[in-house]
Amino acid sequence: AKDCGVCHSEIYQEWQTSLHAKAFTDPFFTAYMKKDKGDPTCLVCHTPLLNQSPFILSSASGDYNDLHSITNPNFDLELQQEGVTCAACHIKSGVIYGPYKKRQLNAPHPVAYDDKFLQKSLCQQCHEVPSKDFSLMNEGVCSTGMESNSGLWAARGFICQDCHMPPVNRPLMAGYPAREGRKHLWPGGYSIQQLQKVFSFKASKEKDQLTIRITNSGAGHKAPTGDPDRFITMDFFWTDNNNQQTLLDSIEFKRQIIWQPIMFVLSDNRLAPGENAELTMTIPSKQGTLSVTATYNVMTESSLKRLKEQFELQNEWPVQQVFIQQKRINIQ
């Protein structure tokens, strides 16, 4: 990546701060790999280049469930540390591909246009883990791609890049004219700013009964998405005229999976794009204000403890993100 960064310095600096750059070194991934006994299929996405892996996966039958591994003579340890690096998306057979048609370019290296950069498929090839034979699940363990194929944003033609690679007008490298491009940050569950865009709230009151509607109005997939350990909690508070605050109710959005002896979804109340959830509760006083606190959780405390004790998790990353803090909700 640093070779690309010699000319594409801004893009390189953005990539360095992204989770793509940490896809292999992420402490949670490292611990999960120990927990899953080094499952090689995880590396297909976390180190997608052929020479990032110490072994090569192959299948004589072509079946995903019939994978075998052989030693890779071209393994590059330094490149492995880069995770999802520039070449993973942009380089094939010595040619650098991108979203610009060749007639628009005057590049110092071989370039070509590929329309996959303008499609969901570029992201879905990793953010959609296929189901395996020992699963009763319709989707994979990480099913963001499938989730994004339906709902209001999909119907309007939005793709992953519209939210996770914000548009920017800048030169691709120093001395070149500015052109439309995209930032290479890919904000997601670890971004408070990104999380704050997801949910909207409406409330109505009849006598002492309060009904709150929660809508996934900002995410093109379920919320939360990705790793099934992730969940979102919301706490709703009532503050009366004496500034006395009462916790009215809480809700947790989560998918629960049974792993053994066969995988299946036990429950899933996560909100799909445009989907609503409603809570009805009794308020303690006629006059007051309603507010919400929302927290994004990477995993439960018990799961975190297990990863630390059994699988040597060395974690300095936040396991919880409070992304909405006592936000007032208007009551109609």
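1. Leaving aside residues up to four places away in sequence, N297 touches D229, R230, F231, I232, T233, V319 and Q320; this contact set, like everything else in this note, is read from a predicted model.

2. N297 belongs to strand β14, which covers residues 288–297, and its relative accessible area is 2%, so N297 is classed as buried, the limit for that class being under 20%.

3. Elsewhere in the chain, an open sheet is formed by 3 strands in the order β3-β4-β5, with mixed pairing. Its edge strands are β3 (91–92) and β5 (111–113), each of which pairs on one side only.

4. Within this sheet, strand β4, made up of residues 95–98, pairs with β5 in the parallel sense, and 3 bridges join the two. For G98, the bridge partner in β5 is Y113, a pairing that a colleague may wish to locate when viewing the sheet.

5. H109 is placed in the loop between β4 and β5, where its relative accessibility of 28% makes it partly exposed, because the value falls between the 20% and 50% limits. Not counting residues up to four places away in sequence, H109 touches H8 and I96, and I96 falls within the range of β4, residues 95–98.

6. Finally, which distance separates the C-alpha atoms of H109 and F236? These two residues are 127 residues apart along the chain, and their C-alpha atoms are separated by 56 Å.

Notes. Residues numbered from 1 in each chain as written. Predicted model: local features only at pLDDT ≥ 70, side-chain atom pairs only at ≥ 80, totals over all residues. Heavy atoms only, no water. Pairing = 2+ DSSP bridges. Helix = DSSP H or I, 4+ residues; strand = E, 2+ residues; numbered from the N terminus. Buried < 20%, exposed > 50% of the residue type's maximum accessible area, 1.4 Å probe, protein only. Contact = heavy atoms within 4.5 Å.
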